[in-house]
Amino acid sequence: MKKIYLVTRSDDDYEYDEYDSVVVVAKTPKEAKEYIIREGYEGFKDGLIICELIGDANKSQPYGEVLASFNAG
(Lines give C-alpha, C1' and ligand atoms only; values in the text may rest on other atoms or scores of the structure.)
Protein backbone atom coordinates (compact mmCIF):
# COMPACT_ATOMS: atom_id res chain seq x y z
CA MET A 1 0.00 0.00 0.00
CA LYS A 2 1.25 3.50 -0.82
CA LYS A 3 2.03 5.75 2.12
CA ILE A 4 2.80 9.46 2.44
CA TYR A 5 5.98 10.36 4.31
CA LEU A 6 7.40 13.64 5.53
CA VAL A 7 11.16 13.40 5.01
CA THR A 8 13.20 16.01 6.89
CA ARG A 9 16.84 16.72 7.65
CA SER A 10 17.95 15.91 11.19
CA ASP A 11 20.56 18.67 11.14
CA ASP A 12 19.52 22.30 11.64
CA ASP A 13 22.25 23.65 9.38
CA TYR A 14 20.01 24.79 6.53
CA GLU A 15 21.75 26.95 3.95
CA TYR A 16 20.42 28.93 1.01
CA ASP A 17 19.66 26.85 -2.08
CA GLU A 18 19.02 23.68 -0.07
CA TYR A 19 15.96 21.60 0.75
CA ASP A 20 14.91 21.09 4.36
CA SER A 21 11.93 18.76 3.85
CA VAL A 22 10.08 16.80 1.20
CA VAL A 23 6.70 15.03 1.21
CA VAL A 24 7.04 11.72 -0.64
CA VAL A 25 4.74 8.89 -1.68
CA ALA A 26 6.48 5.54 -1.19
CA LYS A 27 5.83 2.00 0.05
CA THR A 28 8.23 2.14 3.02
CA PRO A 29 10.26 4.71 5.00
CA LYS A 30 13.43 3.18 3.55
CA GLU A 31 12.11 3.68 0.01
CA ALA A 32 11.22 7.31 0.80
CA LYS A 33 14.74 8.00 2.11
CA GLU A 34 16.32 6.28 -0.89
CA TYR A 35 14.20 8.42 -3.22
CA ILE A 36 15.52 11.62 -1.60
CA ILE A 37 19.16 10.51 -1.94
CA ARG A 38 18.70 9.15 -5.49
CA GLU A 39 17.01 12.30 -6.77
CA GLY A 40 19.77 14.49 -5.32
CA TYR A 41 17.80 16.90 -3.12
CA GLU A 42 20.47 19.43 -2.11
CA GLY A 43 21.30 19.37 1.61
CA PHE A 44 20.12 15.82 2.38
CA LYS A 45 22.82 13.39 3.49
CA ASP A 46 22.43 9.68 4.18
CA GLY A 47 22.26 9.10 7.93
CA LEU A 48 20.88 12.59 8.62
CA ILE A 49 17.33 11.95 7.43
CA ILE A 50 14.14 11.63 9.49
CA CYS A 51 11.16 9.92 7.87
CA GLU A 52 7.69 10.28 9.43
CA LEU A 53 4.52 8.56 8.22
CA ILE A 54 1.82 11.19 7.75
CA GLY A 55 -0.89 9.30 5.86
CA ASP A 56 -2.07 6.86 3.22
CA ALA A 57 -1.91 7.75 -0.46
CA ASN A 58 -4.83 7.03 -2.75
CA LYS A 59 -4.46 4.47 -5.53
CA SER A 60 -4.09 7.07 -8.27
CA GLN A 61 -1.33 9.04 -6.49
CA PRO A 62 2.00 8.42 -8.25
CA TYR A 63 5.13 7.49 -6.32
CA GLY A 64 7.63 10.29 -5.68
CA GLU A 65 7.57 13.91 -4.60
CA VAL A 66 4.33 15.60 -3.59
CA LEU A 67 5.77 18.83 -2.18
CA ALA A 68 9.22 20.13 -1.23
CA SER A 69 10.49 22.97 0.95
CA PHE A 70 13.41 24.76 -0.70
CA ASN A 71 15.36 27.60 0.94
CA ALA A 72 16.00 29.97 -1.96
CA GLY A 73 18.98 32.30 -1.75
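A residue is termed buried under 20% relative accessible area, exposed over 50%, and partly exposed in between (1.4 Å probe, protein chains only). By this criterion Arg 38 is exposed, with a relative accessible area of 57%, whereas Glu 39, at 46%, is partly exposed. The structure is a predicted model, in which local features need pLDDT of at least 70 and side-chain atom pairs count only at pLDDT 80 or more, while totals for chains, interfaces and linings use all residues. Residues are numbered from 1 along each chain as its sequence is written, and side-chain values use heavy atoms, with hydrogens and water left out.

Helices (H or I, at least four residues) and strands (E, at least two) are DSSP runs numbered from the N terminus. Four strands form an open sheet in the order S3-S1-S2-S4, with antiparallel pairing; two strands pair if DSSP finds at least two bridges between them. S3 and strand S4 (64–71) stand at the edges, and each has a single partner strand, so one side of each is left without a neighbour in the sheet. From one strand to the next, the twist averages 20°. S1 and S3 run antiparallel and are joined by seven bridges, and Lys 3 has Asp 56 in S3 as its bridge partner. Helix H1 packs on the sheet, where it touches S1, S2, S3 and S4, and its direction makes about 135° with that of S2. For such angles, axes are lines fitted to C-alpha atoms, for helices over the stretch in contact, and angles run from 0 to 180 degrees between N-to-C directions.

The interior was examined next. A nonpolar core is a set of buried Ala, Val, Leu, Ile, Met, Phe, Trp, Tyr and Cys residues joined through side-chain atoms within 4.5 Å. The largest such core has eleven residues, including Tyr 5, Val 7, Val 24, Ala 26, Ala 32 and Phe 44. S1, strand S2 (18–26) and H1 are the elements that give two or more residues to this core. Neighbours within four places in sequence left aside, Ala 32 is in contact (heavy atoms within 4.5 Å) with Tyr 5, Val 7, Val 24, Ala 26 and Cys 51.

Ser 21 lies in strand S2 and is buried, at 15% relative accessibility. Its side chain makes a polar contact with the side chain of Asp 20 at 3.1 Å. A polar contact is a pair of N or O atoms within 3.5 Å; within protein, one must be able to donate a hydrogen and the other to accept it, and residues adjacent in sequence count only if both atoms are side-chain atoms.

Five salt bridges were found in a search of the whole structure, each being a side-chain nitrogen of Lys or Arg within 4 Å of a carboxyl oxygen of Asp or Glu. One of them links Asp 56 and Lys 3, with the closest N and O atoms 2.8 Å apart. Asp 56 lies in strand S3 (residues 49–56) and Lys 3 in strand S1 (residues 3–9), so this pair ties together parts that are 53 residues apart in sequence. Another salt bridge joins Glu 34 to Lys 30 (3.9 Å, N to O); the two residues are four apart in helix H1 (residues 29–39), a separation of about one helical turn. Glu 34 is partly exposed at 40%, and Lys 30 is exposed at 59%. Glu 39 and Arg 38 also meet in a salt bridge (3.8 Å, N to O).
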